[in-house]
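Here is a short tour of a protein model, written for someone new to reading structures. Have a look at the picture first, then read on.

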Protein chains: 2
Amino acid sequence: MIIQKSTNPRISNFDPENFSFGNMFIDHMIICEYENGKWGDVKLMPYGPLPFSPAMMGVNYGQACFEGMKAYKDKDGQVFIFRPEKNFARINKSANRLAMPEVTEEIFLGGLKALVDLDRDWIPYGEGNSLYIRPLIFATEEALKARIANKFMFAIVATPAKSYYSEPVAVKISDYYSRAANGGVGSAKAAGNYAASFYPTKLANEEGYEQIIWTDDSTHEYFEESGTMNVFVRINDTIYTPPTSEKILDGVTRDSFIQLAKRRGIDIQIEPISVKKVIEAHKNGTLKEVWGVGTAVVTTVFKAIGYQGERLDLPQLPLEESFALTLQKDLVDIQTNVAEDPFGWRVLVEKNILENA
Amino acid sequence: MIIQKSTNPRISNFDPENFSFGNMFIDHMIICEYENGKWGDVKLMPYGPLPFSPAMMGVNYGQACFEGMKAYKDKDGQVFIFRPEKNFARINKSANRLAMPEVTEEIFLGGLKALVDLDRDWIPYGEGNSLYIRPLIFATEEALKARIANKFMFAIVATPAKSYYSEPVAVKISDYYSRAANGGVGSAKAAGNYAASFYPTKLANEEGYEQIIWTDDSTHEYFEESGTMNVFVRINDTIYTPPTSEKILDGVTRDSFIQLAKRRGIDIQIEPISVKKVIEAHKNGTLKEVWGVGTAVVTTVFKAIGYQGERLDLPQLPLEESFALTLQKDLVDIQTNVAEDPFGWRVLVEKNILENA
């Protein structure tokens with residue numbers, strides 16, 4: 001690893017009590033470049049701009065995928081990352097689907113740990129606080145041909161984080177716009193999937209909904225995801241979530257919720273969820289909770305669901321009755337080292353990794 | 001317009017008799033930045049890298065779309081661009097679908113003409129030669145939130161061009177992978193659409209096919225596009241091409257072919273093309289030609305179609321019998337000022353635009 005520490009660190013200007021998420025970056029970043037069929041050296045360097053031409057293939061043809069991860073600080077100042085091997089596996093799955101080169105464990109996990117260790121002072125302690133970490137791969141070759149690029153960059157950047165949403169939100173079940181095609185890239189964290197969702201979401205916002213529950217593009221009869229999250233539905237005391245597929249992201253938080261629900265003995269069914277079933281459950285009073293899960297937000301509880309012009313309100317359950325909030329607490333307690341971790345999900349970030357290497 | 005001419009032009013190193021397409025850029029580029037809800041000044045400046053962070057939203061969330069256009073030089077050295085108003089309208093349609101700001105005519109057409117005029121010496125003269133022009137819009141804001149960006153860049157870069165393909169190619173009808181979802185972004189020239197197509201195309205390449213004929217993702221029973229082109233099928237003496245839709249790009253070359261076919265009195269039907277119909281026509285000997293059209297290639301004739309493990313060979317018709325080649329010649333003759341232009345498609349690029357402004 002090539003190390004170039006910042007000579008002008010900004011950490012002294014960072015107020016962990018008062019910051020906004022997503023546009024303040026930690027002092028360093030990881031960079032690794034792919035050329036001539038192989039990855040070069042991993043570089044840990046000051047965060048900042050690099051020279052890219054507007055002919056860069058990443059912004060012309062969209063070869064770009066990313067991961068979202070978090071590091072947490074416990075009361076003793078220890079730093080943990082959560083299930084990083086899942087993100088490592090998934091970025092390579094995304095890269096494959098987008099015809100980009102896979103990264104190695106050394107590049108991804110080695111770079112990640114070195115970066116988080118070096119900039120550990122940027123991780124805010126406290127409820128809901130974390131460091132949001134963004135590994136990504138994108139095409140950097142300058143060429144105007146719609147073909148697989150020959151040059152790529154792997155990078156890790158990070159920003160101090162609070163929860164995206166604190167309040168329950170209203171969501172609209174899509175009956176026209178779609179997120180993913182059969183035989184498409186829905187299960188990849190492909191950059192283009194997100195851009196495609198912004199306009200339909202804007203339209204939903206104008207109707208008074210914060211997010212969209214995406215449905216299958218052929219019939220709009222089955223739930224897929226909600227916003228940028230996996231979706232869970234509770235009818236009576238059973239939780240349902242759609243199976244992962246080529247259209248549905250294999251979310252780390254989704255998988256963690258499933259395991260946590262099973263540990264509590266909650267009945268959880270991984271099966272297609274029809275819109276009809278959810279609407280009927282609402283009508284007959286058995287629809288208890290609907291929520292989304294993802295790394296950035298952990299959990300967003302839905303307070304209302306819009307469907308074909310109708311707005312169906314959902315009960316807001318207190319923590320002790322809510323599966324969504326109970327499982328969220330179970331998860332966050334493990335992530336932040338407040339609870340035991342029988343799953344082995346937490347990975348301690350050792351101190352002084354660079355010095356001890 | 002802010003003008004900064006190159007102090008180190010590379011034009012003297014350019015050999016119009018011997019160059020490869022797509023990775024040699026003309027001396028200048030157009031840049032215009034969007035911030036605080038409005039576009040700034042158009043800048044004409046030397047082509048080259050600009051500072052962008054890996055946290056740039058364009059490569060993280062894929063808000064990026066582009067156009068492909070060409071400028072041609074005639075025997076007298078006059079320079080023409082082809083139907084630029086169509087590309088101007090379409091980039092704004094793409095921008096809308098991806099929740100990006102529209103550009104003005106002054107930015108797009110004004111920038112385009114000034115750039116092509118200034119670097120007119122980069123346009124190679126001769127059959128199949130042109131300047132390939134790439135306008136694009138992408139999100140430049142540095143932020144790790146999956147939302148509409150607040151900062152964008154419009155750019156125009158360009159590269160001397162020969163035809164992509166000279167030889168007929170074999171194509172595979174997709175029965176699994178898809179290019180576009182219902183309610184998705186297929187009709188936008190969204191960066192992500194291209195990345196999504198690379199891996200399926202690589203698989204098709206391994207089976208001996210150069211491109212994929214994309215079919216509808218729900219049933220794979222209907223033709224949509226071929227590779228990055230619109231697709232045409234000739235059965236007996238009738239041409240068929242699918243109607244544009246939210247899944248099918250409204251191609252400028254497609255529209256030009258339709259008008260040119262009508263002018264010649266060729267029967268052309270704009271209607272869904274079923275795979276079944278094409279396969280049956282091949283079996284009974286009425287399938288005469290299948291081809292793709294697009295700005296980069298103008299026309300690619302297909303010599304074989306693969307479908308469910310079978311390879312169906314197509315006759316290779318000489319120019320005087322081929323609708324594909326005849327219409328291609330009609331089009332190129334207009335583009336290059338060899339023929340009259342009754343449609344008003346050619347737009348002359350005036351000389352010394354900057355000096356006369």
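## Ground rules

This is a predicted model, where local features need pLDDT of at least 70, side-chain atom pairs count only at pLDDT 80 or more, and totals for chains, interfaces and linings use all residues. Residues are numbered from 1 along each chain as its sequence is written, chains are lettered from A and ligands numbered from 1 in the order in which they are written, and side-chain values use heavy atoms, with hydrogens and water left out.

Helices (H or I, at least four residues) and strands (E, at least two) are DSSP runs, numbered from the N terminus.

## Two helix pairs

Two packed helices are described by the angle between their axes and the distance between the axes. Axes here are lines fitted to C-alpha atoms, for helices over the stretch in contact, and angles run from 0 to 180 degrees between N-to-C directions. Under 35 degrees counts as roughly parallel, over 145 as roughly antiparallel, 65 to 115 as roughly perpendicular, and the rest as oblique.

Start in chain A, with helix 5 (residues 252-263) and helix 7 (residues 323-335): their axes are 10 Å apart and the angle is about 105 degrees. That makes helix 5 of chain A roughly perpendicular to helix 7 of chain A. For the classes, Ala, Val, Leu, Ile, Met, Phe, Trp, Tyr, Cys and Pro are nonpolar, Asp, Glu, Lys and Arg are charged, and the others, Gly among them, are polar.

Now hop to chain B, where the axes of helix 2 (residues 84-97) and helix 3 (residues 105-118) come within 10 Å and cross at roughly 140 degrees. Helix 2 and helix 3 of chain B are therefore oblique to each other. On the helix 2 side you'll find P84(B), N87(B), F88(B) and I91(B), meeting E105(B), F108(B), L109(B) and L112(B) of helix 3. That set divides into 6 nonpolar, 1 polar and 1 charged.

## Tucked away

Buried means under 20% relative accessible area, exposed over 50%, and partly exposed in between (1.4 Å probe, protein chains only). Q335(B), in helix 7 of chain B, has 5% relative accessibility and so counts as buried. Its side chain makes a polar contact with the side chain of Y72(B) at 3.1 Å. (A polar contact is a pair of N or O atoms within 3.5 Å; within protein, one must be able to donate a hydrogen and the other to accept it, and residues adjacent in sequence count only if both atoms are side-chain atoms.)

R234(A) sits in strand 14 (residues 229-235) of chain A and is buried too, at 6%. A polar atom of the R234(A) side chain lies 3.0 Å from the backbone oxygen of N236(A).

Most residues other than glycine have a negative phi, and most peptide bonds are trans. V298(B) has a positive phi near 60 degrees; V298(B) is buried at 7% and is one of the residues in contact with Q335(B). N352(A) has a positive phi of about 60 degrees as well, but N352(A) is partly exposed, at 42%.

Is E127(A) buried or exposed? At 84% relative accessibility, E127(A) counts as exposed, and its place is in the loop between helix 3 and strand 9 of chain A.

Conventions. Contact = heavy atoms within 4.5 Å. Lists of a residue's contacts leave out its neighbours within four places in sequence.
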